[in-house]
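Here's a quick briefing on a predicted model.

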Amino acid sequence: MELLELITGGFPTPEEHGIPAVTAADGTSLPPLGCDPEGPLAAEVVKTSSDPYVGRVSLVRVFSGTLRPDDTVHVAGHGAAAPDREGRPPHEEDERIGALSAPFGKQQRTLDAAIAGDLACVARLSRAETGDTLSAKERPLLMAPWRMPDPLLPVAVRAHSKADEDKLSQGLARLVAEDPTMRLEQSPETHQLVLWCMGEAHRDVALERLRSRFGVRVDTVEHRVALRETFAATARARGRHVKQSGGHGQYAICEITVEPLPAGSGIEFVDKVVGGAVPRQFIPSVEKGVRAQAAKGVVADYPLVDVRITLVDGKAHSVDSSDAAFQTAGALALRECAAAAGIALLEPVAEVEVVVPDDYVGAVMSDLSSRRGRVLGTEQADAGSTVVRASVPEIEIGRYAVDLRSMSHGTGRFSRGYARHEPMPRQHAARVLDAEGGPAAR
């Protein structure tokens, strides 16, 4: 009772507390709203949780207007006009409100309505996420999005067993929905499922919650950085796919040259066959084969980029040649060229911005240099703090969130963003290729 009296006397009432600024759906600023049950509906999802019996439950704070069961509301979030900084797409949906209840300890008290100033639980609000705005369908509004810290520690996970694999996606989706400081990513290049967390303690709590609450066990694996392959030099080779099995056989021979191109050029295919050595109908087959092989990689299963592939010669058979045979021959020729010329690896480089107290600037700059980073400059952030900007290979900063916290005694913070891919030094590339079972880069 004393605590309730302290809260009542020490904290402002909803009428005294300021209401977040709102805009119209098109971004137009609107006059400030008041805490008025008769005003336009403006509410915010402040927490999302999962109940084993009810399912998804959204805790909603009503700032203005009145929220009633069976109302259809407009749900808007993540800027509603552009993706947020975590790359999540904007969304605007209409949803029907189900039963309303008020949390009272472990009990839920049914509500006939939630007026301005109330907190209410809404069950099965499937499209709304934490931080989203609920407003009237006929008058959509949007509140300023929450600023959440960016999760910077990647944790690659996989299901512990077949039974866990069946429940993995649903369990992770619920986990991320409950915690807006966590992000889930399915890497299209490494094919890993990556859970981005704030730190090691956050990771441990999340994985334990995944096991105890959602019954899903996962194993953590080494996080792979999305490298790319390119040719170290020009090469020429022949792909020969000839098979006879008594009946209809397979016959395709093609000769190609491969030359490296400047960064960002992608894959170019050029036809320079003369004299009909490769019939015209099979030239697209060769291109399809080499492009498919380039997408899979030629040495370490990383995509091949920035090369020009030129078809210069080949042979065909009037009966045994086919589309599939020339696709296979093209892929074989590309692998033969890679073996002859050697492969260079390209690694992603991140632009890193570190904010630390002045006492730790020297240690941070020295540490970044040891990670093959290039310090781009420093500037004063505020009294006693400095911003250090650097370009650092992403493969070197997988655990930087943990290391910076240790180095700065918990006082430093940093942000990161993809900048470009750059050639990886030969000695580092050789170690990666050896680990992948391929030949070292030349």
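The largest pocket comes in at about 560 Å³. A pocket here is an open set of points on a 1 Å grid over the protein atoms alone, where a 1.4 Å probe fits, with protein on both sides within 12 Å along at least five of seven lines. The volume is the space filled by probe spheres set on the points, which are joined across faces, edges and corners.

**Pocket lining**
- The lining (residues with an atom within 4 Å of a point) counts 20 residues, and Val221, Glu222, His223, Arg224 and Val225 sit nearest the pocket's centre.
- Two or more lining residues come from each of β13 (153–159), β16 (218–221) and α8 (426–436); helices (H or I, at least four residues) and strands (E, at least two) are DSSP runs, numbered from the N terminus.
- β13 gives the most, with four residues.

**Sheet and helix**
- Eight strands make an open, antiparallel sheet in the order β6-β5-β11-β2-β3-β10-β7-β8; pairing takes at least two DSSP bridges.
- Its edge strands are β6 (91–96) and β8 (107–111).
- β5 (residues 72–77) pairs with β6 over six bridges, antiparallel, and Ala76 stands opposite Glu92 in β6.
- Helix α2 (residues 162–178) lies across β2 (42–51) and β3 (55–64), at about 140 degrees to β2. Contact means heavy atoms within 4.5 Å; axes are lines fitted to C-alpha atoms, for helices over the stretch in contact, with angles from 0 to 180 degrees between N-to-C directions.

**Ground rules**
- Residues are numbered from 1 along each chain as its sequence is written, and side-chain values use heavy atoms, leaving out hydrogens and water.
- Local features need pLDDT of at least 70 and side-chain atom pairs 80 or more, while totals for chains, interfaces and linings use all residues.
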